[in-house]
Amino acid sequence: MISLVYSPDYALHQTGSHPENQGRLDIMMEYLTLEFGELTPEGGEIDIHPPTPASEEDLRQVHTPSHLEHLKNFAENGGGYLDYDTYESPQSYEIAKMAAGGAITACELVLGGHDFSYSLARPPGHHATSDKAMGFCLINNLAVALEYLRKNHDLEKFLILDFDAHYGNGTAEIFYQDPHVLYISIHQDPRTIFPGKGFVEETGMGLGQGFNLNLPVSPGSGTSDYIYLLEKILEPVIKQFQADFYFLDVGFDSHQEDPLSHLQLDDDFYPWIASYMRELASQMVLILEGGYSRDAMARSNLKMINVLRNKISPEEEWQPPGKLVVKEETKGLFKEVQNRFSPYFTF
């Protein structure tokens, strides 16, 4: 069973012609409605739930008081650009609380018996650090939800797989010294894309050393390269880490049609990763991050959701078509990561 968490109020985070705008969610919901009909909390083909906004206390588990006060005051004073690419409108602070609350609501649904729950929210969150908005992100939705679980439920160990094209520097930084949070990110080489972080050698600090695992793929990498790396790494690492709770940080901006990256994933990657992770984690929360080619993300999102709702039976498990053609750079990256992480994980 998969449930969605969504509110039309996300449109109140008004960003105009900015790449991160409500049109992204509108087309995703349009595709879902065409496929499943009316989405209701009672379920049917698929059920949908409204988010409960995160409280100020929830936000303070992750973010500094000065950061939250700045966001609140900036919005109340009319909003504008917080930096060269991160926009806040007058209602954005309250909507950001709703987006963080959507991640919490998704977690509660999984704890309540849903196999998978997916927060389709904006603004996104994985670039937001404890004290700074950046990369279109105001509040770190996933981090707020994780700390909520840690505080309110008997959960200790968390695994995050982030496949946005851009390294989730905010999420990584927040948990960089935490040995109970394993953050795995596959993203475009940071020498060629924002935020300029996410190299293999960024493995964590202090007690968190070895729990920040980066796979920075070269521009032009595609579905075959991603499958090659993830098949070699995910299963052994997941089995060795033994997390209590799993997050999938979903980014569609690695798609070959996306204007903000130079990666070459096709529609087939998204059902593949859903199928692969479904076999490794029986319950999981998905949180939407990037994706700026509307049709590509809506198509890929629908295929991913169909796998998670068991439209494809285990006997007909989805597989990518054709033979995998893997770049030599990708094979070299695997060897580099394998050597770097040999003190911590065997794969």
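**Exercise 1.** What volume does the largest cavity have?

*Solution.* Keep in mind that this is a predicted model. The largest cavity comes out at about 30 Å³. Next, look at what surrounds that space: the lining is made up of H13, T15, H18, E20, D85, T86, Y87 and F136. Sort those residues by class and you get two nonpolar, four polar and two charged.

**Exercise 2.** Which residues are closest to the centre of the largest pocket?

*Solution.* Start with the space itself, which is about 160 Å³ for the largest pocket. It has 15 lining residues, and H127, F136, H166, F194 and Y292 sit closest to the centre. By class, the pocket lining splits into six nonpolar, five polar and four charged residues. Notice that F136 turns up here and also in the lining of the largest cavity.

**Exercise 3.** Why is strand 9 largely enclosed by the rest of the structure?

*Solution.* Count the buried residues, using under 20% relative accessible area as the cut-off. Strand 9 covers residues 245-250, and six of its six residues are buried, so the rest of the structure largely encloses it. Now check both sides: F245, F247 and D249 point one way, while Y246, L248 and V250 point the other.

Then find the neighbours. Strand 6 (residues 158-162) pairs with strand 9 in parallel over five bridges, with L161 opposite L248. Strand 10 (residues 284-288) also runs parallel to strand 9, joined by four bridges, and there L286 is the bridge partner of L248. Finally, trace the chain: strand 9, helix 8 (residues 269-280) and strand 10 form a right-handed β-α-β unit.

Definitions and conventions
Residues are numbered from 1 along each chain as its sequence is written. This is a predicted model: local features need pLDDT of at least 70, side-chain atom pairs count only at pLDDT 80 or more; totals for chains, interfaces and linings use all residues. Side-chain values use heavy atoms; hydrogens and water are left out. On a 1 Å grid over the protein atoms alone, a cavity is a set of points where a 1.4 Å probe fits but cannot get out, and a pocket is an open set with protein on both sides within 12 Å along at least five of seven lines; lining residues have an atom within 4 Å of a point. Grid points are joined across faces, edges and corners, and a volume is the space filled by probe spheres set on the points. Ala, Val, Leu, Ile, Met, Phe, Trp, Tyr, Cys and Pro count as nonpolar, Asp, Glu, Lys and Arg as charged, and the others, Gly among them, as polar. Buried means under 20% relative accessible area, exposed over 50%, partly exposed in between (1.4 Å probe, protein chains only). Helices (H or I, at least four residues) and strands (E, at least two) are DSSP runs, numbered from the N terminus. Two strands pair if DSSP finds at least two bridges between them. A crossover is right-handed if, with the strands pointing away from the viewer, the path from the first strand over the helix to the second runs clockwise.
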